[in-house]
Amino acid sequence: MQGRLSAWLAKHKLAHRPLGFDYQGTETLQIKSEDWVSVAVALYVYGFNYLRSQCAYDVAPGGSLASVYHLTRINDNADEPEEVCIKVFVPREDPRIPSVLCIWKGANFQERESYDMLGIFYESHPCLKRILMPESWIGWPLRKDYIAPDFYEIQDSH
């Protein structure tokens, strides 16, 4: 089922795939990594001026990874702001997605966390480094195929 935003993107010949609506009626769209920047700029121009959240998840062991963006269109007199959920799927062998930090400044720490936990590289991010794990940490802890180390060294825990 195609929603209002999907129809607008199709009218402007922006590549996407409608995924339906969630339980709250929020439209969900799939965007290819190579199309993400142009679609993100169009969404910002359309009025989605607030990145409510960005997260990522491992779809299946050995499968693809997904970066999820929840965008909100906030107007001066909006009682019910419009929302959209964008999903960008990438292969786990080379998970690269263009950063949208230049569009929504709130993506900074959120993209860094997705990088730190799942190893998704956000291209052109100015400071893409670990935010939760130490720089010396090996691997991506939230991947379903991650093998936890036999021990953890606790430093300065008291």
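**Leu14 and its contacts.** In this predicted model, Leu14 touches Leu9, Ser38, Val39 and Ala42, leaving out residues up to four places away in sequence. Contact here means heavy atoms within 4.5 Å. Leu14 sits in the loop between H1 and E1. Helices (H or I, at least four residues) and strands (E, at least two) are DSSP runs, numbered from the N terminus. Leu14 is buried, with a relative accessible area of 17%. Buried means under 20% relative accessible area, exposed means over 50%, and partly exposed lies in between (1.4 Å probe, protein chains only).

Numbering starts from 1 along each chain as its sequence is written. Local features need pLDDT of at least 70 and side-chain atom pairs count only at pLDDT 80 or more, while totals for chains, interfaces and linings use all residues, and side-chain values use heavy atoms, with hydrogens and water left out.

Ser38 belongs to helix H2. Its relative accessibility is 40%, which counts as partly exposed. Gln24 is 14 residues away along the chain from Ser38, and their C-alpha atoms are separated by 27 Å.

**Helices H1 and H2 in contact.** Two packed helices are described by the angle between their axes and the distance between the axes. For H1 and H2, the angle is about 115° and the axes are 12 Å apart. Axes are lines fitted to C-alpha atoms, for helices over the stretch in contact, and angles run from 0 to 180 degrees between N-to-C directions. H1 contributes Arg4, Leu5, Trp8 and Leu9 to the contact, and H2 contributes Val39, Ala42, Leu43 and Tyr46. An α-helix has 3.6 residues a turn, so residues three or four places apart point the same way. The crossing of H1 and H2 is right-handed. A crossing is left-handed if the near helix is turned anticlockwise from the far one by less than a right angle, and right-handed if clockwise.

**The largest nonpolar core.** It has 31 residues. Such a core is a set of buried Ala, Val, Leu, Ile, Met, Phe, Trp, Tyr and Cys residues joined through side-chain atoms within 4.5 Å. Trp36, Leu43, Tyr69 and Ile86 have the most contacts inside this core. Two or more residues come from each of H1 (4-11), H2 (36-46), E3 (50-58), E4 (65-73), E5 (82-90) and H3 (107-118). H2 gives the most, with six residues. Ile86 is in contact with Leu29, Ile31, Trp36, Leu43, Ser67, Val68, Tyr69 and Leu71, apart from neighbours within four places in sequence.

**Helix H3 and its surroundings.** H3 has 12 residues and reaches 16 Å from its first C-alpha to its last, close to the 16 Å expected at 1.5 Å a residue. The expected span is 1.5 Å times one less than the number of residues. Nine of the 12 residues of H3 are buried, so the helix is largely enclosed by the rest of the structure. They are Ala107, Gln110, Glu111, Arg112, Ser114, Tyr115, Asp116, Met117 and Leu118. The buried residues of H3 pack against E3, E4 and strand E7 (121-123). Gly119 follows H3 and has a positive phi, near 80°.

Most residues other than glycine have a negative phi. Lys13 has a phi near 55°, a positive value in a residue other than glycine. Lys13 lies in the loop between H1 and strand E1 (17-21) and is exposed, with a relative accessible area of 75%. Ser124 has a positive phi of about 70° and is not a glycine. Ser124 falls in the segment after E7. At 66% relative accessibility, Ser124 is exposed.

**The annotated region, residues 30-148.** UniProt, in an unreviewed entry, places the feature "domain: NADH:ubiquinone oxidoreductase 30kDa subunit" here. UniProt positions follow the numbering used here, feature names are shortened, and annotations may be inferred rather than shown by experiment. Over residues 30-148 the chain is 19% helix and 29% strand. The end C-alpha atoms of this region are 31 Å apart.

**The whole chain as context.** Three helices and seven strands make up the elements of the protein chain. Their order along the sequence is α-β-β-α-β-β-β-β-α-β. The C-alpha atoms fill a box of roughly 55 × 35 × 30 Å along the principal axes. Of the 158 residues in the chain, 40% are buried. Among contacts with a separation of 6 or more, 52% join residues 24 or more positions apart.
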